[in-house]
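Biologist: I would like to go through this structure and ask how each label was reached. Please set the values against the cut-offs as we go.

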Amino acid sequence: MTKLSNCATCVEENNVCKCREENGILSFRSENHTKADSSFAHAVINMVGMLIGLGQLSTPYALENGGWTSAFLLVGLGILCAYTSHIIGKCLEEDASTKSYQDIGEQAFGTKGRIITSTFIYLEIFLALVSYTISLSDNLPLALRGVHLSWLHLSTAQLLTVIAVLVALPSLWLRDLSSISFLSFAGILMSLLIFTTVGWTAAFGGVEGNQRIPILQLRKIPGISGLYIFSYAGHIVFPNIHTAMKDPTKFTKVTITSFTVVTGLYTALAFMGAKLFGPTVSSQITLSMPHHLVVTKIALWATVLTPMTKYALEFAPFAIQLEHHLPSSVSSRVRMLVRGSIGSILLLVILALALTIPYFEHVLSLTGSLVSTSISVVFPCAFYLKICWPKVSKPALLLNGVLIVIGALFGVVGTISSFMSLLQSIQRGH
């Protein structure tokens with residue numbers, strides 16, 4: 001999923017952004033915000049596009065492992081995240097100068113709120129890129145079946161991943177991200193293409209979809225909850241969608257429509273994959289599809305190309321903050337050199353982590369539980385209570401208090417479960 005801060009969005013849309021220092025933390029402000037001319041349909045497309053992403057690959061695996069009744073958890077989390085999106089809109093209505101998720105954090109809890117939200121946002125971006133690179137490493141060898149390479153004790157899959165990341169690396173040196181903003185749209189198309197190919201396989205692929213799905217496997221629920229919540233993690237860009245709307249009063253309707261579409265898509269994909277492949281379903285549905293089918297090749301290449309559309313755009317928030325920490329006397333060429341060098345180093349660190357810890361489902365679950373739960377559930381409820389306190393009714397106070405507790409519980413239990421599973425997988429791997 002593409003997750004950009006408000007300032008990064010300005011860069012992507014080729015707007016001029018000004019950043020200023022406030023109380024020791026960089027605060028981004030746009031001189032030329034996106035015009036508020038987004039229609040209802042446009043806003044829905046944007047929100048659906050932000051939500052559909054890497055998480056959809058793991059929904060069949062999560063449903064198979066959690067049991068078919070875990071679909072209620074998937075739908076329930078969709079409803080919960082739709083509600084927290086709605087209250088983000090309420091927070092934005094309280095102060096017209098609030099434009100980004102970080103702004104809401106600062107409005108609620110001051111400088112500390114901005115620091116904490118920024119930290120979680122960048123951590124989520126970093127871990128998501130690790131997951132994307134693991135996905136790239138898993139799918140690329142199948143997309144290039146028959147290719148065999150060997151060098152420095154690296155496997156074919158590892159070498160192909162290194163090559164792919166090196167191909168994508170120069171995009172981090174581009175200063176004007178508007179020149180590659182089409183990659184964001186390409187990522188959305190790739191996600192929809194994957195869903196379409198799985199549907200085609202279920203209908204015409206010659207695979208009998210008669211596998212039995214367990215009713216409930218309670219011990220696996222903490223781990224799969226992280227996979228489910230990651231699928232709905234798009235909240236950090238929702239303020240940008242709200243700000244761009246011609247009629248922001250329709251933001252709640254946009255939220256309901258978008259989450260209904262995405263939840264329906266995830267649920268359909270989860271049941272299709274689980275019924276098609278049963279206990280043998282992989283943590284990424286593309287890895288389970290019959291290798292001889294043309295649509296499988298399409299799905300594999302769509303999955304491979306998706307990470308390569310993400311690196312430059314996901315790095316934008318880091319790059320913006322980095323450049324504005326440099327002295328004003330530094331030339332544009334030196335700024336580009338610093339930006340590109342540090343971006344390249346970060347990408348190589350991500351590559352190293354992905355090759356060292358190639359356990360997609362556990363890393364994705366850890367990201368969802370450790371970071372996404374806070375960003376999508378806990379923080380919005382806490383922001384709403386703090387900002388809108390005089391207007392909050394007792395039922396709403398109780399509801400948001402309960403959601404904070406539930407979110408924190410899911411986050412802690414899911415983080416422990418996914419981290420232990422990751423450690424066990426690493427130990428078995430060695």
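Biologist: Where does Leu140 lie, and what makes Leu140 count as buried?
Modeller: In this predicted model, Leu140 is part of helix 5, residues 101-143. Its relative accessible area is 5%, and buried means under 20%, so Leu140 is called buried.

Biologist: Which residues is Leu140 in contact with, leaving aside neighbours within four places in sequence?
Modeller: Leu160, Thr161, Ala164, Trp301 and Val304. The cut-off for contact is heavy atoms within 4.5 Å. For Ala164 there is also a C-alpha to C-alpha distance from Leu140, 8.8 Å, across 24 residues in sequence.

Biologist: Why is His242 counted as buried?
Modeller: His242 has a relative accessibility of 8%, and the limit is under 20%, so His242 counts as buried. His242 sits in helix 9, residues 238-244. Not counting residues up to four places away in sequence, His242 touches Gly89, Leu92, Glu93, Pro248 and Phe251.

Biologist: How far apart are His242 and Lys99 in sequence and in space?
Modeller: They are 143 residues apart in sequence, and their C-alpha atoms are 8.6 Å apart.

Biologist: How do helix 8 and helix 14 pack?
Modeller: Helix 8 (residues 221-231) and helix 14 (residues 360-387) meet at an angle of about 65°, and their axes are 7 Å apart. The crossing of helix 8 past helix 14 is left-handed.

Biologist: Which residues meet there, and how many are nonpolar, polar and charged?
Modeller: Helix 8 brings Pro222, Gly223, Gly226, Leu227, Ile229 and Phe230. In helix 14 they meet Glu361, Leu364, Ser365, Thr367, Gly368, Ser369, Ser372, Thr373 and Val377. Six of the contact residues are nonpolar, eight are polar and one is charged.

Biologist: Are Cys91 and Cys388 buried or exposed?
Modeller: Cys91 has a relative accessible area of 2%, and for Cys388 the value is 4%. Buried means under 20%, so Cys91 is buried, and so is Cys388.

Biologist: What does the protein chain come to in secondary structure, and what percentage of its residues are buried?
Modeller: The protein chain has 15 helices and two strands. Of its 430 residues, 55% are buried. The protein chain exposes about 18100 Å², with 68% of that supplied by carbon and sulfur atoms. Among contacts between residues at least 6 apart in sequence, 81% join residues at least 24 apart.

How values were computed: Residues numbered from 1 in each chain as written. Predicted model: local features only at pLDDT ≥ 70, side-chain atom pairs only at ≥ 80, totals over all residues. Heavy atoms only, no water. Axes fitted to C-alpha atoms, helices over the stretch in contact; angles between N-to-C directions. Helix = DSSP H or I, 4+ residues; strand = E, 2+ residues; numbered from the N terminus. Left-handed = near helix turned anticlockwise from the far one by under 90°. Nonpolar A, V, L, I, M, F, W, Y, C, P; charged D, E, K, R; others polar. Buried < 20%, exposed > 50% of the residue type's maximum accessible area, 1.4 Å probe, protein only. Areas by Shrake-Rupley, 256 points an atom, 1.4 Å probe, with all protein chains shown as cover.
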